[in-house]
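I opened this notebook to record what I looked up in one protein chain. The entries go from the whole chain to single residues.

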Amino acid sequence: MAEPVIRSWFAERNLTPKQIKALELCVSRKSAKTLFGGAGFGGKSYLLRSASVFFAGLLAQLGFPGQVGMLVCKDYPSLKDRHILALERELGHLGAIRAQHRLYGHCFEFHDPALGALRLRNADNSEGYRGIENAYILVDELTELPEEVLADLGYCLRSPLPLPFLPFLAATNPDGDGYQWVKRLWIDRDFSETNFNPDDFGFVQALPSDNPTFKQSNFLETLTSLPEWMQNARLHGLWDRPAGARFSHLKESIHQFKFEDVFPLGIQSQHELMLGVDWGLRDPYCALWICRLNDDYYVYREDYTANVPTEGQAERIQRLTGENEFIERVYVDRQMTERRRNANTG
């Protein structure tokens, strides 16, 4: 039954101290949202598969058998390559893949009914997970997903039973299209524009050196084909260089500044200011407010968001520019000077 499975689970899976810490953090609060990894080869995918047994077994021990969770990847090819084959290989003695279960759809069903099942879903088909109840949710490579997925998944992380915890466990590298919002919440811990409880968010960094198989792997060889900034991100867990960064040599510890230190009185009318705008719709638009001081250039404000029509981008820029800020020069994306038939579609 579930009890002996869980009692020996950490030892059987050879989980690292970092992986165990992440699981313990997940069940430490009712609505814990734990991010694990932040580098390559830290055992992220392995942890997610292990977590499915840990959560299901622990809930069964606490009197809630047969709970169902969900594992999410950005698309089906990623789900298949990263997890479906591995579930069969690693957990085949505990369950089996069901292509179309009558209750759970595509899932991994445990042989022991007390452990329930693990739904297998891809985020590019939101109809596959909206409106269903899950006792726990596992997400692989969270930075590959847009920010709204957190609300979508949060909606289906619920139960009519008084479960002691409803864990959200995500794993990721420190790069990807969703880099900015993941970093803002879990690394920078900036919740100013959300209704989330900061105490629910926890980050457990796992580096390649935390993986006991690292020295026997060819991980370092696989990094050589990547740009230098991505090599450093995957190897050292650096979060200061997003994917596609134009100035990948910049480092947060050197180039970041505190606004109040440089501008103790705020932006004044005599400051030399300029604005840079990169138009985008599905791909995020970006506006940067820049001040020149003694031949140094300070980016003191950024607006970076997607799915905002052209007129909306202009309105955001106007609203965010202070009354005392006189913009002397504006540098715009070349596409913005071209005539467009529809301001909403570009």
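**Entry 1: the whole chain**

I began by listing the secondary structure, and I found twelve helices and twelve strands in the chain. I note here that the model is a predicted one. I then looked up burial: of the 346 residues, 46% count as buried. The chain exposes about 18,400 Å², and carbon and sulfur atoms supply 49% of that area. I also looked up the contacts with a separation of 6 or more, and residues 24 or more positions apart account for 65% of them.

**Entry 2: the open sheet**

I next asked in what order the strands of the open sheet lie. Eight strands form this sheet, and the order is β3-β4-β5-β2-β6-β7-β1-β8, with mixed pairing. The edge strands are β3 (95-101) and β8 (201-205), each of which pairs on one side only. On average, neighbouring strands of this sheet are turned by 20 degrees against each other, direction ignored.

I recalled that strands of a sheet pair through backbone hydrogen bonds, either parallel or antiparallel.

Helix α5 (residues 76-91) lies across β2 (68-73), β3, β4 (105-110), β5 (117-122) and β6. The helix runs at about 160 degrees to β5.

**Entry 3: two hairpins**

Strand β9 (residues 272-278) and strand β10 (residues 285-293) run antiparallel and are joined by seven bridges. One bridge I looked up links G276 with its partner L288 in β10. The hairpin from β9 to β10 passes through six residues.

Strand β10 also pairs with β11 (residues 296-305), in the antiparallel sense and over nine bridges. Here the bridge partner of I290 is V299 in β11. These two strands form a hairpin with two residues between them. In the turn, N294 has a positive phi of about 50 degrees.

**Entry 4: residue E325**

Where does E325 lie? I located E325 in the loop between α12 (310-320) and β12 (327-332). Is E325 buried or exposed? Its relative accessibility is 11%, and the limit for buried is under 20%, so E325 counts as buried.

I then listed what E325 touches, leaving out residues up to four places away in sequence: I267, L273, W289, Y300 and R301. With one of these, Y300, the side chain of E325 makes a polar contact through the side chain, at 3.0 Å.

**Entry 5: aromatic rings**

I noted that a pair of aromatic rings is described by the distance of the centres and the angle of the planes. The count for this chain comes to 13 aromatic pairs. Why is the pair of F259 and F263 tilted? The ring centres are 5.1 Å apart and the planes stand at 35 degrees. Planes under 30 degrees apart would count as stacked and over 60 as edge-to-face, so this pair is tilted.

F259 counts as partly exposed, because its relative accessibility is 32%. F263 is buried, with a relative accessible area of 3%.

Definitions and conventions: Residues numbered from 1 in each chain as written. Predicted model: local features only at pLDDT ≥ 70, side-chain atom pairs only at ≥ 80, totals over all residues. Heavy atoms only, no water. Helix = DSSP H or I, 4+ residues; strand = E, 2+ residues; numbered from the N terminus. Buried < 20%, exposed > 50% of the residue type's maximum accessible area, 1.4 Å probe, protein only. Polar contact = N/O pair within 3.5 Å; in protein donor to acceptor, adjacent residues only side chain to side chain. Contact = heavy atoms within 4.5 Å. Pairing = 2+ DSSP bridges. Axes fitted to C-alpha atoms, helices over the stretch in contact; angles between N-to-C directions. Areas by Shrake-Rupley, 256 points an atom, 1.4 Å probe, with all protein chains shown as cover. Phe/Tyr/Trp six-rings, centres within 6.5 Å; stacked < 30°, edge-to-face > 60°.
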